[in-house]
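Hi,

Here is the structure I promised to pass on. Please open it alongside this note, and my findings follow below.

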Amino acid sequence: MGMTQEYINNKTLKEWQSSFPLLNSLMAYEPIFWMNSEKKTVRSHLPVLPLSEEDIMDAERRWHRFAPLIQSLFPETEGSQGIIESPLKEIPKMKLSLEEENGMSISGRLFLKCDNELPVAGSIKARGGIYEVLKHAETLAMEHGMLSHEDNYAIMASERFRRFFQQYGIAVGSTGNLGLSIGIISAAIGFRVTVHMSADAKAWKKDLLRTKGVQVIEYASDYSKAVEEGRKQSDQDPMSYFVDDEQSKELFLGYSVAAYRVKKQLEENGVTIDKENPLVLYLPCGVGGAPGGVAFGAKILFGEDVYCIFAEPTHSPCMLLGLMTGLHEKAKVQDFQIDNMTEADGLAVGSPSALVSMIVGPWIDGVYTVGDSELYPILAGLKDLEGIKIEPSSGAALLGFKRFKENHSALERIPMKNAIHIAWATGGLFVPDDQMEAFYRKGIEKQ
Ligand SMILES: *Cc1c(COP(=O)(O)O)cnc(C)c1O
């Protein structure tokens with residue numbers, strides 16, 4: 001009597017569950033593999049998209065124009081002449097260990113894309129976040145006749161430019177790492193910058209930003225709320241620019257350049273991607289921008305020879321939920337009684353990006369979920385076997401094989417024989433030593 005029935009987009013939870021039986025496992029926080037049965041070819045989907053290869057090339061050219069400025073602001077990029085890039089490392093010992101642990105053999109070669117070592121921001125957010133702020137700075141300076149494409153962009157480090165940029169604000173909502181990247185680059189250029197942090201954000205990330213003069217506003221709620229509040233406050237100030245992680249094309253394009261860099265790095269390793277030697281990407285996913293951008297670039301470059309698999313926490317499977325149900329950005333894990341609480345703070349997002357769902361959703365081969373407790377042994381194993389330090393979110397990239405093992409059908413579409421696997425390590429460089437040590441301890445306890 002008087003019971004109100006909760007509807008999610010005109011269907012009850014029970015109706016959703018009977019339409020998508022995998023929801024029961026998802027709602028029980030069981031690690032699962034979801035295969036995209038409606039995958040589209042590049043050729044059939046690309047023509048309807050608002051972005052093309054030319055946009056990626058434009059982004060790459062912009063990165064190069066900014067290289068002299070980046071080099072002068074961040075001496076750690078001197079070795080790469082101001083290009084922010086990370087190594088691609090083959091990790092044979094880790095591969096062997098994963099094979100032993102899962103009682104399976106992994107055909108092909110396994111590489112780690114070490115965005116955990118990306119300079120300036122310490123995570124994959126160095127690609128998207130920094131790119132968008134630089135592009136905004138370029139636009140403002142050009143609108144005011146202070147800059148042209150032919151200039152050496154290092155002039156932007158001058159006092160004249162700093163004073164100019166100080167008139168303007170930048171704002172962003174974040175679970176931590178995006179805030180770090182936006183805060184660091186904006187402060188370095190001279191913008192007034194405000195970062196709206198969700199409850200998941202680690203204290204050290206907020207502290208680090210404050211030491212750089214960034215205004216940090218904390219929220220007791222999750223990422224969506226931090227974004228919403230940040231957007232609202234920024235919109236009230238005509239001089240403020242909001243970096244919108246949920247719908248930004250600029251962030252997305254900043255990430256997409258990674259695929260071109262990887263292609264070159266694979267060639268340096270003697271690897272050419274083709275039908276017989278396909279590329280399989282394992283990409284940790286939060287709101288979707290980073291893995292989506294990388295996947296977009298990869299699909300443009302490698303077409304049907306690349307397979308893109310996203311990884312999410314069992315407690316924050318927003319992209320899986322959105323793609324499986326077709327709810328896309330309207331999917332909210334909390335509506336499905338999933339709590340969005342995870343140690344993988346970079347992935348603690350309850351609703352996926354509309355832009356990414358639309359652009360890359362049809363190209364994703366599958367999404368798997370990982371439990372927090374599975375992340376630490378990966379983190380410890382990488383440190384012991386390969387000497388590589390990652391944060392928990394990154395560990396999700398190396399759990400794909402375990403999910404394959406449990407779901408044989410997941411493998412059917414991918415010709416694994418000579419596959420080149422790239423697990424994308426998305427963050428780690430700036431994690432304080434004591435916290436890294438604590439993660440590591442949890443990892444060896446579990447083994
Ligand atoms: C942000 C982040 C991701 C995922 O990126 P989204 O754009 O949110 O999907 C993965 N790993 C780490 C460490 C991150 O900070």
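Helix α11 is the main contributor to the lining of the second largest pocket, giving seven residues. Keep in mind that this is a predicted model. Two elements give two or more residues to that lining: α4 (53-73) and α11 (249-268). The pocket has a volume of about 230 Å³, and its lining splits into three nonpolar, two polar and seven charged residues. Among the residues you will find there are Glu60, His64, Arg261, Lys263, Lys264 and Leu301.

The largest pocket holds about 280 Å³ of space. Its lining includes Phe20, Trp34, Glu38, Lys40, Met324 and His328, and divides into five nonpolar, five polar and two charged residues.

Now for the ligand. Where does the ligand sit? The space it takes is the largest cavity. Of the 16 residues around the ligand, the nearest are Lys125, Asn177, Gly286, Gly288 and Thr426. That shell is made up of six nonpolar, eight polar and two charged residues, and helix α12 (residues 289-302) gives the most to it, with three residues.

A few contacts to look at on your screen:

- Asn177: a side-chain N or O atom is 2.6 Å from an oxygen atom of the ligand.
- Ala290: a polar backbone atom is 2.8 Å from a ligand oxygen atom.
- Gly289: a backbone N or O atom lies 3.1 Å from a ligand oxygen atom.

On its own the ligand would expose 370 Å², and the protein buries 99% of that.

Happy browsing!

Definitions and conventions
Residues numbered from 1 in each chain as written. Predicted model: local features only at pLDDT ≥ 70, side-chain atom pairs only at ≥ 80, totals over all residues. Heavy atoms only, no water. Near = heavy atom within 4 Å. Polar contact = N/O pair within 3.5 Å; in protein donor to acceptor, adjacent residues only side chain to side chain. Areas by Shrake-Rupley, 256 points an atom, 1.4 Å probe, with all protein chains shown as cover. 1 Å grid on protein atoms, 1.4 Å probe; cavity = no way out; pocket = protein on both sides within 12 Å on 5 of 7 lines; lining within 4 Å. Sits in = over half its atoms within 2 Å of the grid points. Helix = DSSP H or I, 4+ residues; strand = E, 2+ residues; numbered from the N terminus. Nonpolar A, V, L, I, M, F, W, Y, C, P; charged D, E, K, R; others polar. Points joined across faces, edges and corners; volume = space filled by probe spheres on them.
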